[in-house]
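Subject: Structure for you to look at

Hello,

Here is the structure I said I would pass on. My notes on aromatic pairs and helix contacts follow it.

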Amino acid sequence: MSKKFRLSRRTVLRGTGALMALPLLEQMLPRNAHGAPGTVPRRLAVFYTPNGIHMQKWTPSTEGPAWELTPTMEPLAAVKNDLLVVSGLANMPAFPEGDGHHAAATGAFLTCAKVFKTEGTNIRVGISMDQVIANHLTATRATRYGSMELGIDAGRGIGNCDSGYACPYANNIAWSGPRTPVAKETNAQAAFNRLFAGGIPGETQAQIEKRRAYGKSIIDVVRDDATALQAQLGTSDLQKLDEYFTSVRELEKQVEDVSVPSVSCATGTVPIVSEDPTAKTKAMMDLIVLAFQCDLTRVATFMLANARANKVYPFLGLSGAHHTYSHHQKVQSNYDALATIDKWEVTLLQYLLERMKSVIEVNGMSLLDNSIVYFSSEVGDGDSHNHVDLPIILAGKGGGALTPGRHLRYQKDPLANLYIYLMQAMGVPNVTTFGDDGTGPLPGLV
């Protein structure tokens with residue numbers, strides 16, 4: 001193999017009517033003075049969960065590196081040293097005018113800006129921190145997509161969704177501008193097609209259905225181009241490419257299971273869609289991992305449900321609804337139900353983190369080491385609608401931006417200051433204020 005052979009990060013595999021991105025390979029990175037691969041990019045994933053957390057079973061009692069896993073965080077035992085648990089941050093702009101804490105706070109979740117109370121189309125809040133990062137990456141042409149927005153529930157697009165607050169506040173956490181929410185993709189198959197069979201010209205829906213009918217994977221379509229590329233790769237890159245193809249094919253099968261498998265034209269036929277939230281969430285987590293792995297995007301947001309979601313989870317042995325339980329009124333049975341839901345939500349975070357930890361990148365570190373995963377909710381305690389002590393986990397090292405394995409406690413420092421730090425860590429220049437109350441980067445994270 002020629003030492004001069006280099007691949008662009010934008011290199012794709014081509015087939016008839018299809019393009020497929022590649023994972024980040026050694027041959028895509030610039031070399032340092034010693035000939036070793038250069039810097040691997042940082043990524044940011046945001047995991048939003050609604051209705052707050054039962055804080056008594058969430059918050060560690062000890063600060064610093066001697067902290068211990070709480071009952072709710074027990075599923076994260078295998079990645080404990082990759083966690084930075086943050087307590088005491090406040091999002092004061094999340095407080096609404098009167099009632100409507102969930103929608104108002106979800107609108108402020110990543111914007112740290114007070115939303116304008118309206119049920120109409122004259123919505124107004126602020127740009128979200130993920131979109132500030134996405135704009136920077138788009139301007140520098142770093143990735144094909146500036147960001148990726150995923151979720152489980154689409155929700156209503158207009159009208160009142162919470163005590164006089166419009167539905168866009170409740171249904172979106174990504175905002176490209178004060179009046180422009182960035183809609184999330186809730187169909188795993190559509191997200192897969194966009195990321196891994198997309199591009200221009202891309203596959204048409206007819207081509208996708210034809211390929212499925214013949215039992216072909218997107219990998220089969222680009223097989224000839226892949227074979228030609230493999231002849232030019234070293235051993236390490238060949239192994240990474242093989243692992244990548246395996247992951248793509250497994251995900252391809254998975255998203256077919258949780259999306260509409262086929263649509264019949266027979267009158268009255270209703271498409272069958274899996275509503276298993278665990279399966280749908282895991283498919284979305286795998287999409288994030290693969291999108292990061294092949295550097296299609298470096299920013300992803302995920303909503304486990306919309307604000308004020310009142311879902312029933314019978315598979316957890318519960319007959320009541322989530323939002324109803326969150327107004328616990330200090331009743332022990334409600335606390336117990338909330339703790340059960342919270343722990344299930346944490347198992348989904350566990351799935352994402354362990355998947356990221358299993359992907360070893362060309363610098364010898366894991367995808368999790370090179371990334372920041374931010375897990376939180378729009379409120380702390382759901383009964384009191386507390387916005388001054390939010391449940392926050394930062395996972396990963398962010399390529400050196402974070403020192404995990406600790407529990408940090410702040411004294412009502414603005415949440416916006418955390419976002420300033422994250423934006424700076426993701427390379428956004430000259431950002432020293434943010435939202436309504438951000439004054440500078442949050443100290444103590446590294």
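A residue counts as buried when its relative accessible area is under 20%. Please keep in mind that this is a predicted model.

By that cut-off Phe47 is buried, because its relative accessible area is 1%. Phe302 is buried as well, with a relative accessible area of 0%. Phe47 and Phe375 are both buried too.

Phe47 belongs to strand E3 (residues 43-48) and Phe302 to strand E10 (residues 299-303), so the pair ties together parts separated by 255 residues in sequence.

Phe47 also pairs with Phe375: the centres are 5.2 Å apart and the planes are at 40 degrees, so this pair is tilted. Since Phe375 sits in strand E11 (residues 371-376) and Phe47 in strand E3, the pair ties together parts that are 328 residues apart in sequence.

Elsewhere among the aromatics, ring pairs join Tyr48, Phe109, Tyr374, Tyr419 and Phe434 into a cluster.

Tyr419 turns up again in a helix contact, where Met129, Val132 and Ile133 of H2 meet Tyr419, Leu422 and Met423 of H12. The residues of this contact are six nonpolar, with no polar and no charged ones. The axes of H2 (residues 129-139) and H12 (residues 415-425) come within 10 Å and cross at roughly 20 degrees. Angles under 35 degrees count as roughly parallel, so H2 is roughly parallel to H12. The crossing of H2 past H12 is right-handed.

H8 passes H9 in a left-handed crossing. On the H8 side the contact is made by Tyr244, Ser247, Val248, Leu251, Gln254, Val255 and Val258. H9 contributes Ala279, Lys280, Lys282, Ala283, Asp286, Leu287, Leu290 and Gln293. Sorted by type, the residues of the H8 contact with H9 are nine nonpolar, three polar and three charged.

Regards

Conventions. Residues numbered from 1 in each chain as written. Predicted model: local features only at pLDDT ≥ 70, side-chain atom pairs only at ≥ 80, totals over all residues. Heavy atoms only, no water. Axes fitted to C-alpha atoms, helices over the stretch in contact; angles between N-to-C directions. Helix = DSSP H or I, 4+ residues; strand = E, 2+ residues; numbered from the N terminus. Parallel < 35°, antiparallel > 145°, perpendicular 65-115°, else oblique. Left-handed = near helix turned anticlockwise from the far one by under 90°. Contact = heavy atoms within 4.5 Å. Nonpolar A, V, L, I, M, F, W, Y, C, P; charged D, E, K, R; others polar. Buried < 20%, exposed > 50% of the residue type's maximum accessible area, 1.4 Å probe, protein only. Phe/Tyr/Trp six-rings, centres within 6.5 Å; stacked < 30°, edge-to-face > 60°.
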